[in-house]
Amino acid sequence: MSGRLPLLLGIAIKHLSRRRRQTLVAVSGVAVGVGFFLAVSAMMIGSQNDFISRLIDAAPHIIISDELRSPPPQPGVRAFPGGAVALHGYKVRNEVRGLKDWPAILAAADALPGAIASPSLTGGVTLRLGGHEEAIGIVGIDPEIEKRISTIETNLRMGRLHDLETVQGGIIIGEELARRLGIGMGDVVSATAASGATRTLRIVGLFKRGQSQLASSSGYVLLREAQSMLGRPFIINRIGIRVADPYMAQTVATGLEARFGYKAESWQERSSDLLSLIVVRDVIMYSVVSAILLVASFGIYTVVSNSVSDKRRDIAIMRSIGFSQADLQLIFIAQGIILSVIGVLLGWLLGTGLMAILGSLDFPIAGEHQTIPLDHGARQYAIAAGASLLAGVVAAWLPARKAARVDPVEILRGAA
């Protein structure tokens with residue numbers, strides 16, 4: 001077989017060269033299918049990777065809050081587990097919210113390889129300016145640590161997180177909130193907490209408009225400023241953790257929650273609905289682009305099938321002089337492979353050109369110029385080539401079986 005292979009390939013190439021128009025159509029179909037597969041998958045996967053990257057980096061990978069997934073049982077239930085106990089008319093004791101023994105939780109998080117933990121305190125205040133009031137949630141942070149676990153600072157239109165430490169009573173709010181209050185950089189507003197404590201705050205930074213990860217009705221202040229304003233000294237109710245491997249966040253969160261009891265929510269858990277939509281999106285994308293490649297393979301089937309029909313007499317002669325059924329199948333399968341390989345190479349060029357054009361497009365979004373995120377990974381090139389070659393082989397194999405079953409006696413007797 002190895003000695004005949006060059007001869008069989010030569011016959012396959014000769015057949016294709018004799019049918020140039022059909023060969024060109026089949027190659028063009030494969031090239032267009034591969035090119036558009038690369039362009040579509042580059043856009044879809046690029047936008048998906050960009051979305052997940054923004055999702056991962058926008059906030060801490062893990063957030064430990066002063067919540068419990070299951071409320072603690074009442075003392076009567078604990079005293080008589082499994083018993084017929086009915087409790088009614090009791091008065092619930094209000095406990096002071098906050099993470100108990102939070103330095104130990106912080107130390108455990110910092111002990112994780114490559115992890116960074118940032119304590120914070122959240123609460124509600126009312127901003128007043130003239131006769132206008134806006135209720136907001138404030139977040140007390142340590143600026144130097146917070147900017148290492150999230151992308152807050154990169155989303156600032158004006159100011160820096162460090163300004164919270166250098167300006168007494170500094171606060172950073174969103175552009176939309178500032179517009180509603182009619183204030184800007186350097187302006188002073190009055191803030192009143194639920195306890196009735198009132199103080200003045202100075203605007204030292206503005207978040208960009210349209211940042212989904214930053215609520216339009218929230219503000220960031222220094223941690224000790226929030227503790228003083230909310231009347232909760234030395235108390236924190238949230239710890240944000242950034243881990244070395246974001247995809248291990250769920251495992252780490254489960255371990256910390258089991259150890260300390262407080263709810264530890266990973267970015268995967270917070271975004272589970274969005275991640276499930278991405279899976280559905282991937283299924284739809286690969287279904288559509290696979291259909292494109294499947295349609296392109298019909299051109300190969302047509303070329304090989306017509307070649308078999310037109311070369312029935314030649315096939316009979318080849319069988320009569322000693323060519324086996326496997327030899328004949330290989331000739332026509334080789335035609336499908338040759339058409340697929342040429343189509344894939346041209347499709348790679350077309351796809352690369354389409355990606356270059358798409359990458360050069362500039363769209364004004366939310367007042368900024370943004371380009372389409374594209375994925376240029378070799379994986380998509382390999383998938384396109386593999387799928388096209390497989391489709392080409394199958395499309396050529398079907399008529400090749402028909403060629404191998406030709407009875408040379410009948411064909412030659414009919415020709416005589």
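**Reading contacts, cores and pairs**

Guide: Let us begin with a single residue. With its neighbours within four places in sequence set aside, E175 is in contact with R157, L206, F207, K208 and R209. Please keep in mind throughout that this is a predicted model.

Visitor: In which helix is E175 placed, and is E175 buried or exposed?

Guide: E175 has its place in helix α7. Buried means under 20% relative accessible area, and E175 counts as buried because its relative accessibility is 19%.

Visitor: With which residue does the side chain of E175 meet in a salt bridge?

Guide: The general idea is that side chains of opposite charge can pair when their charged atoms come close. Here, the side chains of E175 and R157 form a salt bridge, at 3.1 Å from N to O. This pair links distant parts of the chain: E175 belongs to helix α7 (residues 175–181) and R157 to strand β4 (residues 156–158), 18 residues apart. Whereas E175 is buried, R157 counts as partly exposed at 35% relative accessibility.

Visitor: How many salt bridges are there by this rule?

Guide: The count comes to six. One of them joins E133 and R128, whose closest N and O atoms are 2.7 Å apart. E133 is partly exposed, with a relative accessible area of 46%, and R128 is likewise partly exposed, at 31%.

Visitor: How many residues apart are E144 and K147 in helix α5?

Guide: They are three residues apart in helix α5 (residues 143–149), so about one helical turn separates them. E144 is partly exposed, at 34% relative accessibility, and K147 is partly exposed with a relative accessible area of 34%.

Visitor: Let us turn to aromatic rings. How many aromatic pairs does the structure hold?

Guide: The structure holds three aromatic pairs. To read such a pair, one considers the distance between ring centres and the angle between ring planes; planes over 60 degrees apart count as edge-to-face. The ring centres of F207 and Y220 are 5.5 Å apart and the planes stand at 75 degrees, so this pair is edge-to-face. It links distant parts of the chain, with F207 in strand β7 (residues 198–207) and Y220 in strand β8 (residues 218–222), 13 residues apart. Both F207 and Y220 are buried.

Visitor: Why is the pair of W348 and Y381 edge-to-face?

Guide: Its ring planes are at 70 degrees, with the centres 6.0 Å apart, so the pair is edge-to-face. W348 lies in helix α13 (residues 325–360) and Y381 in helix α14 (residues 378–404), so the pair ties together parts that are 33 residues apart in sequence. W348 counts as partly exposed, at 30% relative accessibility, whereas Y381 is buried, at 18%.

Visitor: Which residues have the most contacts inside the largest nonpolar core?

Guide: They are I62, I64, L127, I239 and I241, in a core of 45 residues. This core draws at least three residues from each of two domains: domain 1 (4–56 + 274–415) and domain 2 (62–74 + 97–242). Apart from it lies another core, of 27 residues, among them I11, I300, V303 and I331. As for I62, its contacts beyond four places in sequence include I239, I241, V252 and R270.

Visitor: How far apart are F37 and G351 in sequence and in space?

Guide: F37 and G351 are 314 residues apart in sequence and 7.6 Å apart in space, from C-alpha to C-alpha. F37 lies in helix α2 (residues 20–58) and counts as buried, at 1% relative accessibility. Not counting residues up to four places away in sequence, F37 touches Y286, V289, L293, Q380, I383 and A384.

Visitor: What can be said of the chain as a whole?

Guide: The chain has 15 helices and 12 strands. Of its 416 residues, 41% are buried. Among contacts between residues at least 6 apart in sequence, 78% join residues at least 24 apart. The accessible surface of the chain comes to about 21900 Å², and 60% of this surface belongs to carbon and sulfur atoms.

Terms used:
Residues are numbered from 1 along each chain as its sequence is written. This is a predicted model: local features need pLDDT of at least 70, side-chain atom pairs count only at pLDDT 80 or more; totals for chains, interfaces and linings use all residues. Side-chain values use heavy atoms; hydrogens and water are left out. A nonpolar core is a set of buried Ala, Val, Leu, Ile, Met, Phe, Trp, Tyr and Cys residues joined through side-chain atoms within 4.5 Å. Buried means under 20% relative accessible area, exposed over 50%, partly exposed in between (1.4 Å probe, protein chains only). Domain bounds come from an automatic or database domain assignment. Contact means heavy atoms within 4.5 Å. A salt bridge is a side-chain nitrogen of Lys or Arg within 4 Å of a carboxyl oxygen of Asp or Glu. Helices (H or I, at least four residues) and strands (E, at least two) are DSSP runs, numbered from the N terminus. Rings of Phe, Tyr and Trp (its six-membered ring) pair if their centres lie within 6.5 Å; planes under 30 degrees apart count as stacked, over 60 as edge-to-face and the rest as tilted. Accessible areas come from the Shrake-Rupley method with a 1.4 Å probe; for residues, only the protein chains shown count as cover.
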